[in-house]
Amino acid sequence: IPHASLAQEFLDRGIPQERLYATGIPVRRAFQEKAAKQEARARLSLSAEGKLYLIMSGSMGFGNLGKLIDPLLAACGEHDHVAVTCGNNAALKEALAARYAQQTQLTLIGYTEEAALYMDACDVLLTKPGGLTSTEAAVKNVPLVHTAPIPGCETCNRNFFGQHGLSISGETPEECAAAAVALAWDVERQSRMLSAQREWINPKAADEICEFVLAQCGG
């Protein structure tokens, strides 16, 4: 299960205590590694200047990104940049490219295997509160703003992260954009958030799950 503090939710649904193992959510090893910000930007051909706000829309490219991009670009400084991953949604990327054809502070990215490196390159990550991306961001230890959740599990994820100081969020795109810019410049708040991420999220979950399975198999 994702965390020991969530055990009661599983018990309430009839899962026996002895079947619960609070390993956390496993992530790829790339998210446990860390590249220097400027090195990551150079490898991705991103500007070395200013703040970089990374918007991740998931592998399917969910959401009306224009409603978030507009206030974020409006709040950026002249040397800041916004990078947006559109996943496999080629139509979304094409539509955004047409809409922002004259916008030099915006970089649009299709499907990428370099999500971990983009997280290294950014100052703040904005993403919906999916369990895997949120865990990857916390393991990467990056300042995190959660955008509107898909009701259900993502609402629970956002609540968990927010209650423990692992992320902040807003109710509207404008609030999310304002929160991201404020967080990018608030070193103390960033420090508290990153410390909470290290405290609450296990970066070695994949290793622990493998070790457990091997032990059960007598390996």
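Six strands, paired in parallel, make up an open sheet whose order is 3-2-1-4-5-6; strands are DSSP runs of E with at least two residues, helices are runs of H or I with at least four, and both are numbered from the N terminus, while two strands pair if DSSP finds at least two bridges between them. Strand 3 (106-109) and strand 6 (168-169) are the edge strands, each pairing on one side only. This is a predicted model, in which local features need pLDDT of at least 70 and side-chain atom pairs count only at pLDDT 80 or more, whereas totals for chains, interfaces and linings use all residues. Residues are numbered from 1 along each chain as its sequence is written, and side-chain values use heavy atoms, with hydrogens and water left out.

Within the sheet, strand 4 (residues 124-127) and strand 5 (residues 144-146) pair in the parallel sense over three bridges, and L125 stands opposite L144 in strand 5.

The largest pocket has a volume of about 490 Å³, where a pocket is an open set of points on a 1 Å grid over the protein atoms alone, reached by a 1.4 Å probe, with protein on both sides within 12 Å along at least five of seven lines, and lining residues have an atom within 4 Å of a point; the volume is the space filled by probe spheres set on the points, which are joined across faces, edges and corners. Of its 20 lining residues, the closest to the centre are P2, L6, C156, N157 and F160. Helix 7 gives the largest share of this lining, seven residues. Helix 6 (131-140) lies across strand 1 (52-56), strand 4 and strand 5.

Key:
Contact = heavy atoms within 4.5 Å. Axes fitted to C-alpha atoms, helices over the stretch in contact; angles between N-to-C directions.
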